[in-house]
Amino acid sequence: MQRLLFPPLKTLMGSQCLRLLVPRAAPRTQCGCSCGIRHPLRPGQYSTISEVSLQSGRGTVSLPAKAAERVVGRWLLVCSGTVAGAVILGGVTRLTESGLSMVDWHLIKEMKPPTSQEEWKTEFQKYQQFPEFKILNHDMTLAEFKFIWYMEYSHRMWGRLVGLAYILPAAYFWRKGWLSRGMKGRVLALCGLVCFQGLLGWYMVKSGLEEKPDSHDIPRVSQYRLAAHLGSALVLYCASMWTSLSLLLPQHKLPETRQLLWLRRCAHGTAGAFVAGLDAGLVYNSFPKMGESWIPEDLFTFSPILRNVFENPTMVQFDHRILGITSVTAVTVLYFLSRRMPLPRRTKVAAATLLALAYTQVGLGISTLLMYVPTPLAATHQSGSLALLSVALWLMSELRRVPK
């Protein structure tokens with residue numbers, strides 16, 4: 001009788017039976033396996049805390065909370081990958097100096113690229129009205145313009161893909177009831193940050209399109225806005241990755257020690273954004289010295305002194321070198337500390353991977369400097385920093401505290 005009444009439920013979960021949401025006082029009827037089937041609850045009621053509701057067909061079918069967490073965790077892991085792609089593509093766009101080629105911003109209208117020669121000429125004429133063409137690219141051909149235009153177009157379209165990857169599944173999971181109360185708040189924050197990221201990107205581009213009569217510098221976006229744009233993308237990436245790892249990886253019960261506390265405090269800054277914003281990699285192309293000295297003489301040429309930290313290319317590159325050396329030293333110490341601690345195998349793998357990536361990143365950075373910042377190598381160096389951050393998040397997730 002039960003098989004005749006509920007055949008679709010068995011096909012949904014294989015050999016396991018799904019529970020129907022029912023009033024707590026309702027009698028349970030057995031279905032022939034280890035779990036039972038109940039009559040439906042009124043809307044908004046749940047039979048157990050470990051179940052999440054799922055609308056399916058005519059009835060309301062429950063989904064175990066652990067299964068829902070795995071689905072949401074995998075979704076956020078995919079979202080993290082799309083953000084990583086946007087960061088890498090944005091870095092390539094910056095290195096090829098393509099970011100100011102699209103002088104308009106329309107959410108829907110600009111999704112269709114020019115198709116005819118006349119449309120391309122119109123787009124090129126728009127670009128010719130702005131400082132980058134007048135000062136830097138006044139002899140650019142239409143074919144060269146198409147290349148930088150498509151680079152920026154790809155970056156913007158990828159950004160829209162990131163938005164869809166967050167917003168559409170979030171709405172679906174919300175409607176199906178797969179998100180817990182706490183997760184709903186996180187998902188809302190992530191979706192809001194995605195929208196803010198798009199607006200911040202256009203705000204950044206606008207800074208490079210403004211006329212500056214008193215300046216003879218090469219037109220570029222504000223390093224402050226670039227740092228904010230990259231920084232918010234990294235916040236979005238870290239938040240998504242951390243939430244995903246928290247849902248997918250089981251926690252280890254580790255004894256609280258001073259070494260563990262130190263490992264947890266490791267963090268990675270975003271000072272590399274200022275290097276990209278000021279082309280600081282082109283100032284001193286030597287290592288380990290900067291030119292003929294360890295500390296260059298033009299570190300404090302700007303006034304007031306604080307401006308040098310953010311606007312002096314020499315100081316920015318010097319800070320970047322110090323940050324890199326300090327980071328790889330800290331990672332090395334952490335690795336050897338982890339070798340002396342009774343950590344799970346997965347945690348030790350994360351520590352070893354972090355060490356390998358740190359030294360690879362240093363090698364890429366030095367090579368990029370000595371070879372005068374070739375685009376493929378510089379893009380690989382930027383991608384390596386994101387990989388390093390990802391493994392650092394993995395290690396910190398392995399070492400996170402277990403709730404009491």
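**Salt bridges in a predicted model**

Trainee: What is the N to O distance at which the side chains of R307 and E311 meet in a salt bridge?

Mentor: This is a predicted model, in which local features need pLDDT of at least 70 and side-chain atom pairs count only at pLDDT 80 or more, while totals for chains, interfaces and linings use all residues. Residues are numbered from 1 along each chain as its sequence is written, and side-chain values use heavy atoms, with hydrogens and water left out. A salt bridge is a side-chain nitrogen of Lys or Arg within 4 Å of a carboxyl oxygen of Asp or Glu. The side chains of R307 and E311 meet in this way, N to O, at 3.0 Å.

Trainee: Which helix holds both R307 and E311?

Mentor: Helices are DSSP runs of H or I with at least four residues, numbered from the N terminus. R307 and E311 are about one helical turn from each other because they lie four residues apart in helix α11.

Trainee: Which residues are linked with E152 in a network of salt bridges?

Mentor: The side chain of E152 meets that of R156 in a salt bridge of 2.8 Å, N to O, and both residues are buried. The network links E152 with E110, R156 and R160.

Terms used
Buried means under 20% relative accessible area, exposed over 50%, partly exposed in between (1.4 Å probe, protein chains only). Helices (H or I, at least four residues) and strands (E, at least two) are DSSP runs, numbered from the N terminus.
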